[in-house]
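Thanks for making time this morning. Please have a look at the sequence and the structure first, and then I will walk you through a few parts of the fold.

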Amino acid sequence: MARTDYSLNIKGDEVARAKANELPISPKHAIEIAAFIKGKTTAEAIDYLENVVALKKAIPFKKFNCNVAHKKGLDKWDAGRYPVKASEEYLRLLRSVEKNAEYIGLDTDNLEIFHVTANRGRRQRGIFPRAMGRATPKFAESVNIEILVKEAQ
């Protein structure tokens, strides 16, 4: 596993961080969730993502929305999906960043997500056996996610 640093190097005790490398989730789902939760509080993001896991609310797909069906309840948007696996990883990471914020002395009820990024990670190569001795390549994709939070004003 490659060791990578945070994309924003902010010094001080007013920012809490959490990072996960090479998660086995869809990069497209991770990027759409990152765009959706940026600017929200951690409590709002956790509540919404728990509803996504329960298939009650959808994540709006604004960038990767080709052939994506309309979903009910989306605010100012029509296309969306329920990325359960990616939402569970984001929930784990959001709870981790809340614990990190509590450890450095920040108010956990008032945390705002000001930076979240999801980048494509390493692709692990494999083969898919086909008929007549042929093979088709396949790749297992991964994602690197980082979240930075601070106390909201």
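Let me begin with helix 1, whose buried residues are covered by parts that include helix 2 (42–53), strand 2 (59–60), helix 3, strand 4 and strand 7, where contact means heavy atoms within 4.5 Å. Helices (H or I, at least four residues) and strands (E, at least two) are DSSP runs, numbered from the N terminus. This is a predicted model, in which local features need pLDDT of at least 70 and side-chain atom pairs count only at pLDDT 80 or more, while totals for chains, interfaces and linings use all residues. Residues are numbered from 1 along each chain as its sequence is written, and side-chain values use heavy atoms, with hydrogens and water left out.

Within helix 1, which spans residues 27–37, the buried residues are Pro27, Ala30, Glu32, Ile33, Ala34, Phe36 and Ile37; buried stands for under 20% relative accessible area, exposed for over 50%, and partly exposed for what lies in between, with a 1.4 Å probe and protein chains only. Just after this helix, glycine 39 takes a positive phi of about 90°.

Turning to the sheet, 3 strands form an open one in the order 1-7-4, with antiparallel pairing, and two strands count as paired if DSSP finds at least two bridges between them. Strand 1 (15–23) and strand 4 (111–120) are at the edges with a single partner strand each, so one side of each has no neighbour in the sheet. Strand 1 is joined to strand 7 (residues 143–151) by 7 bridges, and lysine 19 has glutamate 146 of strand 7 as its bridge partner.
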